Amino acid sequence: MKRKRVNIRMPALGGQGAVTAAHIIATAADYEGYYAVSNPFFGAEKRMAPAESYARIGLEPIYDRGEVVYPDVIMVFHPQVITMGKSYTMPFYSGIKKNGLIIINTEEDLLTDEDKEHLESLNVKVFNFPATKFAIDIAGTELSTNMAMIGALFGLIGCVGLEAIEEGIKSRFLKKFVASGGTASLDSALERKFKKKLELIEKNLNTAKSAYELAERWANEQGIEPFLPRPQEVMKTQGV
Amino acid sequence: MQATETLLYNRAGQKIVSPDYLLFEAPRAKHFMTGSEAVKEAVRRASVDASVSYPITPQSEAAHLIGELWAEGYVGVYFRGESEFGVMSEVAGCAMAGARTITTTSGPGTLRAMENFPMWAGTRIPVQLVLMARGINSPLSIQPDNLEVGFLLDTGCMIWYAETAQDLFDMILAGFTVAEQPDVHVPVINVIDGFFVSHTREAIMLPPDDIALPPYNPYKAPMPVIDAEVPPGRFLRDPFVMKSNYISYATHASWQWEVRAAIERSRPYAKHYLRGLIELFGNPEAELVFVACGTASAQAKEAVRLLEDEGIPAKVVKLKTIRPFPIEELRESVKGAKYIFVPEFNVVGWLEREVRRYLYGHSNAEIIGAPRVAGGMTMPAEAIVKEVLKLTGKEVKHVI
């Protein structure tokens, strides 16, 4: 199946950095040469309450806005999305497209037999990945969970490389973005925690990179093809 | 009167360039940002004198970012009003005193401030409002829904509608330029769908930030500006207007007409600075036409692509201005149409009413006010396609 677009839905809990993750994913994809947009879900999000964000990556200009109703990839940032139904859609995988992919931040298998049967019928692959544990091991803080999730995503879908991921992360933390007052104060809290911004970036990069490599190996074992052709190849076939 | 010398730099030290140079000729570089950040970048290049803010989701971030510009020296005056009513009154005061003024609001804030919008138009101030549309109560919603625009249609303000962060950036700069033309000189409301544009991060092309619009010259205004000789309320105080006699009725009525005529006179300027009042997307010969504005036109563009895969040619007529309404452009662009769909983000279908009104007697096409979503719901292109296939009798396949 040839895709022209990858739509990514990220159910998470408030405070986990899913909005930041979406922005980094889109920035990295843009750097790689794709069209990309990202947006958060629009609610009165608060810590530990459901929060959701979206990224779209494509080979042609993307007009589509709002929630991703029919995702190719779902990234579950927290087990409670599944175990406590902290999700805007029930079940959390509703709308998933054929040959899609689900990444779950978990240390154990959370899906029922019924879930598995449904997902298998759509040839959807599920990657159980302990992103928070990974973040604590490598960056020394669970706040880097989103970085592990970003690395895992790109390792699995195989169209955005490490250089672009690095660019996306750097542009988030080195440029002055103010997503909201809350995010601004979170940033300063993070800075205090890590003492230095550059140290923070390096830890984030290492987390993303390790997750990328782990996920890439799994994708190879599973025989997952890259989700999109390289932008350069598309340009070649179009004679640009 | 003001001296005729040409200014070279504005208060922020930016080089003053013509609106045409800023909008069309200056080299542009790609940036990746949200709609709210695009507001900041437009205001940065607009030689703005004053801005007043009040927090309400989803426009708070844009208001906050204009405040940062004030701290950086790009905006002359910036403060927080005591409510949206206060804000819209205070920006009116700034504008009557000759300041180029911008503010932002959303949903319930718009309705709270409502009395001021016809007042803005009646006092002929070229204030700019960036409206990040959200649902209005009740029940409470903070989500995207543009019902509030239906309330604003006849306030005497120009109403433009941006689809993307890029549109919004360009429309803010064009908005000041058009609104301040001496023969126009009415407020301009630049609408976007809240969240869908304000909070979406996308690629946007920006000119350099060391150039800016020429400052506003209030002495070219059709109304006297408040200064040492003209006291505040010079216009509102005119005593004969407060009496009940024929001349007071005629004054009021003729002024109401004049405000609307001023909007009509904005057409050639808006056409130039917006590169046309409409944008076409898709197959020009298609008999199936979507007429839409804002995010609804973005979703319709995706639907056109899906329909193309089904072998159904379709096109989108995106309306960039609602006031003035692009009457001739719309009639021309739907000449061959058999079906006209008007997808909207509200339950009442105010755009469908406008489309019907201006196509009455000018088109034999069937006009269908669908799909309509509201309260924050997304309008997937698949939902639009489903409406179309239902009508054309084609079997509805699973669209994914």
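Visitor: Which residues of helix 1 of chain A meet helix 5 of chain A?

Guide: In this predicted model, Ala18(A), Thr20(A), Ala21(A), Ile24(A) and Ile25(A) of helix 1 are in contact with Asn146(A), Met149(A), Ile150(A) and Leu153(A) of helix 5 of chain A. Sorted by kind, the residues of this contact are seven nonpolar, two polar and no charged.

Visitor: How is the arrangement of the two helices described, and at what angle do the axes cross here?

Guide: Two packed helices are described by the angle between their axes and by the distance between those axes. Here helix 1 (residues 18-32) and helix 5 (residues 145-157) of chain A have axes that come within 9 Å and cross at roughly 35°. The crossing of helix 1 of chain A with helix 5 of chain A is right-handed.

Visitor: Now a strand. Is strand 3 of chain A mostly covered or uncovered?

Guide: Strand 3 (residues 50-58) of chain A is mostly covered, with nine of its nine residues buried.

Visitor: Which residues of strand 3 of chain A point one way, and which the other way?

Guide: In a regular strand the side chains alternate between the two faces of the sheet. From strand 3 of chain A, one way point Pro50(A), Glu52(A), Tyr54(A), Arg56(A) and Gly58(A), and the other way Ala51(A), Ser53(A), Ala55(A) and Ile57(A). Residues of both groups are buried.

Visitor: How many bridges does strand 3 of chain A form with strand 1 of chain A?

Guide: Strands of a sheet pair through backbone hydrogen bonds, either parallel or antiparallel. Strand 1 (residues 5-13) of chain A pairs with strand 3 of chain A in the antiparallel sense, over nine bridges. Within that pairing, Val6(A) has Ile57(A) as its bridge partner. Strand 2 (residues 35-40) of chain A is also antiparallel to strand 3 of chain A, over six bridges, and Pro40(A) stands opposite Ser53(A).

Visitor: What is the order of strands in the open sheet of chain B?

Guide: The seven strands of this open sheet follow the order 4-3-5-6-8-7-14, and the pairing is mixed. From one strand to the next, the twist averages 20°.

Visitor: Where in chain B is a parallel pair?

Guide: Strand 3 (residues 50-53) and strand 5 (residues 101-105) of chain B run parallel and are joined by two bridges. Ser51(B) has Ile102(B) in strand 5 of chain B as its bridge partner.

Visitor: Which strands does helix 8 of chain B lie across?

Guide: Helix 8 (residues 165-179) lies across strand 6 (128-133), strand 7 (158-161) and strand 8 (188-193) of chain B. Helix 8 of chain B runs at about 165° to strand 8 of chain B.

Note on methods. Residues numbered from 1 in each chain as written. Chains lettered and ligands numbered in written order. Predicted model: local features only at pLDDT ≥ 70, side-chain atom pairs only at ≥ 80, totals over all residues. Axes fitted to C-alpha atoms, helices over the stretch in contact; angles between N-to-C directions. Helix = DSSP H or I, 4+ residues; strand = E, 2+ residues; numbered from the N terminus. Left-handed = near helix turned anticlockwise from the far one by under 90°. Contact = placed C-beta atoms within 7 Å. Nonpolar A, V, L, I, M, F, W, Y, C, P; charged D, E, K, R; others polar. Pairing = 2+ DSSP bridges. Buried ≥ 20, exposed ≤ 12 C-beta atoms within 10 Å, placed from the backbone.
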